[in-house]
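Colleague: Hi! I have the structure open and a few questions about it. Could you walk me through some of the details?

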Amino acid sequence: MNATTIQPAQGRLGVLLPGMGAVTSTFIAGMAMHRQGLGDMVGSLTQMQTLRLGKRYEGRRPLIKDFVPLADTNDLVFGGWDIFPDSMYETALNAGVFPAATIEPVRDALSEISPMPAVFDPNYVRRLDGPHVKRAATKWDLARMLMDDIEAFKQAHNLDRVVMVWCGSTEVYQEEAVVHSSVETLEQGLKANDPGIPPSMIYAYAAVKLGIPYANGAPNLSGDVPAMVELANETKTPISGKDFKTGQTLMKTVLAPGLHARMLGLQGWYSTNILGNRDGEVLDDPGSFEAKEKSKMSVLDSILEPSLYPALYGDYAHKVRIDYYPPRGDAKEGWDNIDIFGWMGMPMQIKINFLCRDSILAAPIVLDLALFLDLAKRAELSGIQEWLSFYFKSPQHRADLTPQHDLFKQHLKLENTLRVLMGEEVLDHAGLDYYDDEKGRSIKGEPPRRLERKSETESEARS
Ligand SMILES: NC(=O)c1ccc[n+]([C@@H]2O[C@H](COP(=O)([O-])OP(=O)(O)OC[C@H]3O[C@@H](n4cnc5c(N)ncnc54)[C@H](O)[C@@H]3O)[C@@H](O)[C@H]2O)c1
């Protein structure tokens with residue numbers, strides 16, 4: 001297989017983050033801590049995972065970052081927008097994900113990073129309002145202002161490339177509409193202030209128009225409409241989304257494939273969460289919750305395939321609840337009650353109590369998406385990057401395909417994409433050839449036993 005030509009990751013990479021709250025500050029604080037040798041980038045595939053190449057006996061297991069030409073994490077420069085002007089130090093302190101003493105050594109680095117004024121409209125995030133916002137007559141003008149910000153940021157930091165990852169609040173649920181159907185209708189809509197275009201879509205438009213890779217960490221439509229896919233293909237820009245897969249949904253997409261693989265039935269799955277950060281406050285609004293709920297609900301059907309297995313999964317109940325409970329801050333707690341059934345329909349139960357930290361799980365996703373999208377751009381991949389489904393609750397996919405939610409299939413897809421890009425053999429894990437006698441001889445340098453037996457049998461027959 002021939003390797004794809006990938007431009008080298010020379011120079012500095014700007015990582016622009018619309019929405020500089022808990023996730024963004026946890027990500028940037030972690031990167032600063034790592035630069036000072038104060039912690040590892042746990043949870044990041046690009047930094048910590050190895051990839052098997054070739055046959056198992058070859059022992060080739062490079063780190064992903066040594067195998068594919070990724071940007072060096074020391075070459076990353078961070079920036080973004082928020083409706084509050086607080087520096088990343090103040091935000092990290094308020095978010096309380098890391099204890100104050102933990103971030104004290106990186107105080108100066110974090111204090112230097114402050115958001116640019118945001119494109120924001122409280123009609124799309126009803127529980128929020130803030131002073132640090134841009135004003136203009138049209139959404140088109142706002143998009144131009146964002147593009148100016150991006151160019152100025154590039155100049156100021158002497159950047160070679162930029163990527164954008166949306167880490168802003170979850171906007172109210174919106175259905176796809178005519179304004180999203182083509183670049184032409186979208187651009188007309190921007191000029192006419194069409195209500196179908198939320199702020200997140202204005203950021204996505206600004207990025208993709210400039211050829212800047214865009215990932216969406218929230219469930220908003222944002223980059224996931226035909227107009228944006230068309231624009232991405234036109235400007236040769238990789239895009240991906242939606243909604244970082246952390247916490248409870250991560251656990252769901254780990255466990256459900258196991259039940260499905262063993263053909264165990266499901267009667268019901270009840271999930272509830274409490275969280276007390278600003279994300280929780282925003283999701284307390286029914287409009288924003290609806291967007292999140294749709295994103296969280298979609299995973300089980302696609303993994304369990306009820307239409308193929310009606311007896312096992314044709315009639316299960318699925319409920320998802322999120323409750324805003326301020327004392328918890330970012331330390332979310334999730335409970336799952338799973339009613340399953342086995343042999344002769346006998347019922348069983350699984351209970352999960354996950355005490356997680358949302359932003360700790362999301363931060364490595366932001367890093368990996370930034371690095372992989374930059375890789376994709378240099379490899380001249382454009383449009384929807386389905387191989388990054390691994391990171392999302394609602395993976396963006398071609399309209400006529402079903403999305404892949406199973407974490408393990410998503411992982412294999414990601415790994416195989418990297419292998420293909422680098423001209424390595426795709427792994428199917430069948431492994432039958434290990435037991436092929438011809439191959440056995442070449443592996444071990446021993447005569448293949450079955451062939452010997454066969455020739456003995458043949459000589460017996462002849463005699
Ligand atoms: N933390 C997780 O594990 C996780 C998982 C999946 C998805 N998400 C999503 O990621 C996003 C960020 O999560 P968080 O915990 O950091 O939330 P957060 O509330 O702490 O941060 C979001 C920030 O976005 C800002 N914002 C809102 N609208 C904006 C706009 N138009 N322009 C610029 N800034 C804007 C808010 O002021 C806030 O500071 C949310 O949409 C959340 O649902 C988070």
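Colleague: Let's start with H429: is it buried or exposed?

Modeller: H429 is exposed, because its count of other C-beta atoms within 10 Å is 6, and 12 or fewer counts as exposed. Keep in mind throughout that this is a predicted model.

Colleague: Where does H429 sit?

Modeller: H429 is in the loop between helix 16 (407–421) and helix 17 (437–444).

Colleague: And what is the phi of H429?

Modeller: H429 has a phi near 60°, which is a positive value in a residue other than glycine.

Colleague: Where is D433 found?

Modeller: D433 is in the loop between helix 16 and helix 17. D433 is exposed, with 11 other C-beta atoms within 10 Å. In sequence, D433 and K55 are 378 residues apart, yet their C-alpha atoms are separated by 9.8 Å.

Colleague: Nice. Where does M344 lie?

Modeller: M344 belongs to the loop between strand 9 (333–341) and strand 10 (347–355). The phi of M344 is positive, near 60°, and M344 is a residue other than glycine.

Colleague: Why does M344 count as exposed?

Modeller: M344 counts as exposed because there are 5 C-beta neighbours inside 10 Å.

Colleague: Switching to the inside, how many residues are in the largest nonpolar core?

Modeller: The largest nonpolar core has 98 residues. Those with the most contacts inside this core are A29, L110, V165, I202, V208, V366 and L369.

Colleague: Which helix gives the most to this core?

Modeller: That is helix 15 (residues 358–378), which contributes 13 residues.

Colleague: What does V366 touch?

Modeller: Leaving out residues up to four places away in sequence, V366 touches V23, F27, V165 and C167.

Colleague: How many residues are in the other core?

Modeller: The other core lies apart from the largest one and has 12 residues, among them A256, L300, I338 and I340.

Colleague: Let me pick up A256. Which residues of helix 11 and helix 13 meet?

Modeller: From helix 11, T249, K252, T253, A256, P257 and H260 meet K296, V299, L300, I303 and L304 of helix 13. By class, this contact has 6 nonpolar, 3 polar and 2 charged residues.

Colleague: What about the geometry of that pair, helix 11 and helix 13?

Modeller: The axes of helix 11 (residues 247–261) and helix 13 (residues 286–304) come within 9 Å and cross at roughly 15°. That angle makes helix 11 roughly parallel to helix 13. The crossing of helix 11 past helix 13 is right-handed.

Colleague: Now helix 9 and helix 10. At what angle do their axes cross?

Modeller: The axes of helix 9 (residues 199–209) and helix 10 (residues 226–234) cross at roughly 20° and come within 9 Å. Helix 9 is therefore roughly parallel to helix 10. Helix 9 passes helix 10 in a left-handed crossing.

Colleague: Which residues make that contact between helix 9 and helix 10?

Modeller: On helix 9 they are A204, V208 and K209, and on helix 10 they are M228, L231 and A232. The contact divides into 5 nonpolar, no polar and 1 charged.

Colleague: Which residues of helix 10 are buried?

Modeller: The buried residues of helix 10 are A227, M228, V229, L231 and A232. Their packing partners are helix 8 (183–191), helix 9, strand 6 (238–241) and strand 11 (383–384).

Colleague: Why does L231 count as buried?

Modeller: L231 counts as buried because there are 24 C-beta neighbours inside 10 Å, and the cut-off is 20 or more.

Colleague: And what does L231 touch?

Modeller: L231 touches V183, V208 and K209, not counting residues up to four places away in sequence. Between L231 and L210, 21 residues apart in sequence, the C-alpha to C-alpha distance is 10.0 Å.

Colleague: Which residue follows helix 10?

Modeller: Helix 10 is followed by K236, and the phi of K236 is positive, near 55°.

Colleague: Last one: which peptide bond is cis, and with what omega?

Modeller: The peptide bond from G241 to K242 is cis, with omega near -10°. K242 is in the loop between strand 6 and helix 11.

Terms used: Residues are numbered from 1 along each chain as its sequence is written. This is a predicted model: local features need pLDDT of at least 70, side-chain atom pairs count only at pLDDT 80 or more; totals for chains, interfaces and linings use all residues. Axes are lines fitted to C-alpha atoms, for helices over the stretch in contact, and angles run from 0 to 180 degrees between N-to-C directions. Helices (H or I, at least four residues) and strands (E, at least two) are DSSP runs, numbered from the N terminus. Angles under 35 degrees count as roughly parallel, over 145 as roughly antiparallel, 65 to 115 as roughly perpendicular and the rest as oblique. A crossing is left-handed if the near helix is turned anticlockwise from the far one by less than a right angle, and right-handed if clockwise. Two residues are in contact if their C-beta atoms, placed from the backbone, lie within 7 Å. Ala, Val, Leu, Ile, Met, Phe, Trp, Tyr, Cys and Pro count as nonpolar, Asp, Glu, Lys and Arg as charged, and the others, Gly among them, as polar. A nonpolar core is a set of buried Ala, Val, Leu, Ile, Met, Phe, Trp, Tyr and Cys residues joined through C-beta atoms within 7 Å.
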